[in-house]
Amino acid sequence: MPFIQVSVPFALSPDVKAKLVRDVVDRTHEAVGSDPAIINVVIHELSAANISVGGKVHDEPS
């Protein structure tokens, strides 16, 4: 059973979240053939302040 995690640095509206889940399930089904009923999707909505890119925290001076 595929277990897919999606992390985004912001909150998603319920409509966008639902579309994202449907699209991920559809593409996963197409790619690997899994039954959509057993494809799990978890969305992590992260605060930008909790994300580091290149060792710098969001909004940290260069």
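Author: A contact means heavy atoms within 4.5 Å. With residues up to four places away in sequence not counted, Thr28 touches Pro2, Ile4, Gly33 and Ile39. This is a predicted model, in which local features need pLDDT of at least 70 and side-chain atom pairs count only at pLDDT 80 or more, while totals for chains, interfaces and linings use all residues. Residues are numbered from 1 along each chain as its sequence is written, and side-chain values use heavy atoms, with hydrogens and water left out.

Reader: Is Thr28 buried or exposed, and in which element does Thr28 lie?

Author: Buried means under 20% relative accessible area, exposed over 50%, and partly exposed in between, with a 1.4 Å probe and protein chains only. Thr28 has a relative accessible area of 14% and is therefore buried. Thr28 belongs to helix H1; helices (H or I, at least four residues) and strands (E, at least two) are DSSP runs numbered from the N terminus.

Reader: Which residues of H1 are buried, and against which strands do the buried residues of H1 pack?

Author: The buried residues in H1 are Val24, Val25 and Thr28. Viewed down the axis of H1, the buried residues fall within an arc of 95°, so they line one face of the helix; the arc is that of the directions from the helix axis to the C-beta atoms. These buried residues of H1 pack against strand E1 (3–8) and strand E2 (40–45). On the face of H1 turned away from the buried side are the exposed residues Asp15 and Glu30.

Reader: In which sense do E1 and E2 pair?

Author: Two strands pair if DSSP finds at least two bridges between them. E1 and E2 pair in the parallel sense over six bridges, and Val6 stands opposite Ile43 in E2. A crossover is right-handed if, with the strands pointing away from the viewer, the path from the first strand over the helix to the second runs clockwise. E1, H1 and E2 make a right-handed β-α-β unit.

Reader: What does Val8 contact, leaving aside neighbours within four places in sequence?

Author: Val8, a residue of strand E1, is in contact with His44, Glu45 and Leu46. Val8 counts as buried because its relative accessibility is 12%.

Reader: Where does Ala49 lie, and which residues does Ala49 touch?

Author: Ala49 lies in the loop between E2 and strand E3 (52–53). With a relative accessible area of 49%, Ala49 is partly exposed. Ala49 touches Val57 and His58, again not counting residues up to four places away in sequence.

Reader: What radius of gyration does the chain have?

Author: The radius of gyration is taken over C-alpha atoms, and the globule rule is 2.2 Å times the number of residues to the power 0.38. A compact globule of 62 residues would have a value near 11 Å, but the chain has 15 Å. Along its principal axes the C-alpha trace spans about 45 × 25 × 15 Å. Of the 62 residues, 15% count as buried. The chain has one helix and four strands, in the pattern β-α-β-β-β along the sequence.
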